[in-house]
Structure formats: C-alpha cells, structure tokens
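Dear colleague,

I am passing on the structure below, together with some notes on what was found in it. Please read the notes with the structure open beside them.

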Amino acid sequence: MSTQAVAFDWLPQEVMENIAFFAATTTDIGPPSDLLPLLLSCRSIYHALSLDANLHLCARIFEYKFDLNAAVRRLGQHIATPDVLSKELRKRFVYLKRIRARTDSRICAPDMSNSPMISELLWLAYLMMLENDGKNVKQLREYAGMEQWLMEYWFDDKGASLASKALLEDVWLLENEHNSWQCGCFGCFSDPRTERNYRTFATVLKPTALAANRYNICHTPWEDFIPRSCLLEPTCINHYSNPYQLTPPTMAIPAILSYLSLVGPLVGLHTPNGFPSSLNQSLEWEADWQRCINLAKSPLASQFSGAYKVGSLQGVWEGVFTYTEFTTYAALLSGRPPSILHNSMVAQHRQTWRLREYYLTVSRSADGIAGGVESPPLSSGDPLKAFFPSGIRIHEHAGSAEVHEPGKMVPLSYRQPSACGVEAEGLDIQDIIVVGEGHSAWGQFNVIGRVRPCDGFVSFLKEYVEGDRGQWLYRGYLVGSINGSFSGRWRDTLSLPDANGYEGCFVMSRRR
C-alpha cells in the first residue's frame with residue numbers, strides 16, 4: 001500500500017468527502033471532471049469517494065452546480081433526496097454534453113427529428129430554464145453553448161427544426177413539440193438583434209407570428225371560457241426520477257415575441273425584448289410552469305390554480321401591434337403559401353395601456369370548501385366581447401369595482417389586490433377582470449378584459465372612443481408573469497368566433 005493511501009486511510013469519511021467536494025467544484029460550470037484525478041490516486045480513495053458509492057457527495061455537487069429551490073417548491077421535498085439528485089446529476093451532464101457537441105442541432109439522418117433522445121434533451125433545456133435562479137442558465141449558456149445550438153437548430157440549412165428547408169420550399173413550418181419548446185428557449189437564450197443576420201432570423205419567424213390561421217396561440221379553443229380539455233395530448237416526461245404529464249406551450253406566442261423584438265428596430269420602433277429580463281428568478285416562470293401542468297389535466301380546472309399570478313396586469317403597459325394589408329390576409333386565408341407574407345408589408349403602431357385589475361374572492365371554510373357566495377358569479381359571455389355578458393356595467397371606486405350584470409339583483413364586488421389581500425389564507429379567486437384605457441396612432445380607446453381560470457389566457461375588448469375605428473379583440477398570454485410580456489393576437493369582432501377573422505399580432509411590456 002502506498003504512503004499516500006495510508007495517509008488518507010485514517011481520515012474521517014466526512015473530511016475525505018469535503019476534499020472530494022472541493023475538487024469537484026473548482027469550477028462553477030461543467031461536469032465535476034477535476035474529481036477524477038483524486039479518485040484515480042488509489043483504490044481506497046476510489047472506494048470511499050466514487051460517485052456510485054457516495055450519493056450524498058453527488059447531491060452536494062448537484063446543489064452547487066444547479067438550481068434546486070424551484071423544483072422543490074413545485075414538485076415537493078421528495079425530489080431532493082441524495083438518490084434522486086445523484087441520478088439527476090448524471091442525466092444532466094449527459095444531455096449538456098450532447099448540446100455542447102451539437103449532436104442533435106442539425107439533421108444527420110432522415111428519422112433523426114423523431115428521436116426520443118432529442119425530445120428528452122429539449123424538455124430538459126426548457127425545464128432548466130423554468131427552474132433557473134442563476135445556475136441553470138449559466139450551465140446551459142457557458143458550458144453547453146445553448147445559444148449556438150439554437151442558432152443551428154433554427155437557422156442552419158440542415159437545422160433540425162426544418163425552418164430553413166420550409167423557407168426554401170415555401171411550405172409551412174411544422175408545429176411540433178420540439179419546435180414549440182425551442183421557440184421558447186430561443187427567445188430566452190438568444191438576442192438575435194446582436195447578430196449580423198437578424199433579418200434572416202426575422203424572415204424565418206415571420207410566418208409563424210403572422211399566420212393566425214395556421215398557428216394557434218392556445219391549445220384549447222380560444223372561444224371557450226371554461227374549456228373541458230386540451231386539444232393536444234400531454235407528454236409524459238421523467239424529471240427528477242419521477243413521471244409528470246406536461247403540455248408544451250404553443251409555438252406562436254414565443255415566435256411573436258421574438259419576431260416583434262427583431263423587426264421593431266428595423267422600422268425605427270422601440271419594441272419590448274419580450275422575455276423576462278430577470279432570467280435569474282424562477283418565480284417569474286411560476287405561472288408558465290403551472291400552465292404546462294394544468295393543460296395536461298383532464299378535465300381542465302374551472303378554478304384559478306396558479307397559471308396566472310394575481311396582479312400581473314396592473315399598471316402601465318407599452319408595446320406595438322401589427323397589421324397586414326387586408327387583401328394579403330384574405331389571400332392567406334384562401335390557401336396561399338408563406339411567401340405571401342414574406343412579400344407583404346407589415347405595418348406597426350405603438351400603443352400604451354393603463355390597466356387596473358380587480359378580483360372576485362370567495363371565502364373558504366376551515367375544511368377547504370368554498371362558501372359565503374352571496375350571488376352567482378359573473379356569467380361567461382360572448383368571446384368576441386372578452387367573455388363579458390351583454391349589457392354589463394362596471395363602476396370603479398377607490399380600490400374596488402362593482403359589476404352589474406343584467407338580470408341579477410345584487411352587483412358583484414371586485415377588489416384590487418392591495419385592498420383585497422387575496423394572498424391571505426381563507427380566500428380563493430373566483431374571477432379576474434381588467435379595466436383600463438389607452439392610446440395609439442389611431443386614437444384613444446377603452447379596454448376591458450377577463451382572465452381564463454384554467455391556463456391564464458387573457459382576452460381584452462379594445463374599443464376606440466371616437467371615429468370609426470370600431471372594436472378589436474386582443475387575446476394572449478403573459479410570458480414571464482409580472483415582469484414579462486403580454487403577447488398574442490388581435491382580431492376583428494365582426495367575424496364569427498369559429499371562423500377565420502382578420503388578425504394581427506401584438507406584444508406589450510410593463511413600462512419601466
């Protein structure tokens with residue numbers, strides 16, 4: 001036995017583990033490769049400190065290199081055991097090494113795009129982003145090179161998204177689970193405005209953002225306020241050694257955010273960056289995570305359950321809305337290929353909204369059953385009127401609003417979060433409405449909106465005060481909660497809900 005081995009044999013296990021931990025964490029990013037020379041120094045050290053035999057050491061290394069708080073908050077303490085974290089540590093670096101090697105960003109085989117490995121890799125990258133408090137994105141960006149992977153995936157001639165191929169052949173980009181996840185990741189990890197070829201990026205994103213008849217903004221019928229089920233089958237994934245049913249976001253919402261952040265500077269407009277600037281706060285992604293969970297359930301929830309954070313829309317918002325020539329959009333609806341959009345002019349206008357959010361709360365008894373409802377809740381009205389019943393009257397007061405619905409004797413009393421204390425124990429949110437006003441180049445307007453409980457889908461009716469500008473319906477999601485952006489599509493209110501109408505896209509961010 002060597003002198004070195006004898007010197008280590010008498011050390012307590014916890015001291016040896018600390019030595020191994022410091023060796024494994026000499027760098028913040030990448031696998032614990034500096035631990036290997038120590039393990040190879042002698043057989044006794046290897047047996048005492050190998051990751052297979054020392055799950056506690058693995059768990060400590062995982063917590064040093066990755067964020068764990070968000071996962072525990074959402075999934076429970078049971079995922080933070082040494083056994084689970086040691087398996088997650090190995091899994092993550094297997095996939096991060098594949099991203100680093102660009103193994104899956106380009107098509108190398110005909111059936112490669114359907115590989116289960118790619119699906120698992122894309123899921124992991126997206127979930128790491130949603131759970132990020134600083135460490136996860138650092139691993140993805142600085143070690144794995146996620147930005148470069150995404151550039152190849154979306155814009156290389158042989159990119160696995162097939163976006164460049166679709167552009168060349170003048171066909172519509174396939175909306176599948178892979179592209180949906182990576183469209184979201186692209187907006188969060190990449191800032192294409194710093195790239196020389198940002199015009200090319202905008203060209204790839206343009207059809208997905210503008211073709212409302214091809215790419216839906218939600219997985220449930222937008223015209224249903226209480227939908228029963230999601231139109232997309234959920235995916236079963238393995239996360240922290242446990243199975244979960246999740247539904248990916250649609251491709252349209254992040255595509256709109258990315259597209260408008262790209263083309264705004266080209267035409268001299270300031271547009272929001274779209275995705276939350278504070279990527280290091282997993283709380284910003286709480287509602288996005290819960291939306292993935294909620295949409296995988298059947299039947300869908302009819303009550304608010306985390307897919308919308310209370311107070312998210314309160315305040316002043318600034319952004320842009322776009323529109324194409326009516327003849328161009330009519331040609332699109334008649335079946336013309338994507339080139340009709342590439343060759344068309346897209347107009348943009350700034351707009352500002354000043355919004356006030358109100359909540360209807362229901363008291364909850366000690367056994368968790370809601371009670372104390374004095375009158376039935378607000379009915380679900382015409383989807384083209386943002387789900388408000390016809391003849392509704394809203395009277396605002398300091399910190400509250402009274403909602404009068406025709407046919408009901410007692411008005412409903414809604415309150416703002418500061419006056420309501422909705423986060424306090426014993427209160428459940430039954431309904432959320434938003435009231436406000438704004439202005440654009442077209443003039444002054446009023447807006448009223450309502451939030452759908454199951455997934456946080458927001459509908460606004462925008463009505464111009466003067467002239468013949470009429471009414472327009474805005475629908476979309478908040479991406480990144482309070483400090484994120486409100487993005488989606490507007491449409492005319494003359495076409496029937498189940499018919500393709502005249503539509504454009506928009507993005508709004510909170511005034512800083």
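**Pocket, helix pair and aromatic rings**

The second largest pocket holds about 400 Å³ of space, and please bear in mind throughout that the model is a predicted one. Its lining is made up of 19 residues, and those that lie nearest the centre of the pocket are Ile 392, Ile 394, Ile 448, Leu 461 and Glu 463. Two or more lining residues come from each of the elements β6 (393-397), β9 (427-440), β10 (443-451) and β11 (458-464). By class, the lining of this pocket consists of 10 nonpolar, 5 polar and 4 charged residues.

Turning to the helices, α7 (residues 82-100) packs with α8 (residues 116-130) at an angle of about 105°, and the two axes are 10 Å apart. Since angles from 65 to 115 degrees count as roughly perpendicular, α7 and α8 are therefore roughly perpendicular to each other. On the α7 side the contact is made by Glu 88, Arg 92, Tyr 95, Arg 98 and Ile 99, while α8 contributes Met 117, Glu 120, Leu 121, Leu 124 and Met 128. The contact of α7 with α8 has 6 nonpolar and 4 charged residues, and no polar ones.

As for aromatic rings, the count comes to 27 aromatic pairs. In the pair of Phe 457 and Tyr 477, the ring centres are 5.3 Å apart and the planes stand at 65°, so the pair is edge-to-face. This pair links distant parts of the chain, 20 residues apart, with Phe 457 in the loop between β10 and β11 and Tyr 477 in strand β12 (residues 471-479).

Key
Residues numbered from 1 in each chain as written. Predicted model: local features only at pLDDT ≥ 70, side-chain atom pairs only at ≥ 80, totals over all residues. Heavy atoms only, no water. 1 Å grid on protein atoms, 1.4 Å probe; cavity = no way out; pocket = protein on both sides within 12 Å on 5 of 7 lines; lining within 4 Å. Points joined across faces, edges and corners; volume = space filled by probe spheres on them. Helix = DSSP H or I, 4+ residues; strand = E, 2+ residues; numbered from the N terminus. Nonpolar A, V, L, I, M, F, W, Y, C, P; charged D, E, K, R; others polar. Axes fitted to C-alpha atoms, helices over the stretch in contact; angles between N-to-C directions. Parallel < 35°, antiparallel > 145°, perpendicular 65-115°, else oblique. Contact = heavy atoms within 4.5 Å. Phe/Tyr/Trp six-rings, centres within 6.5 Å; stacked < 30°, edge-to-face > 60°.
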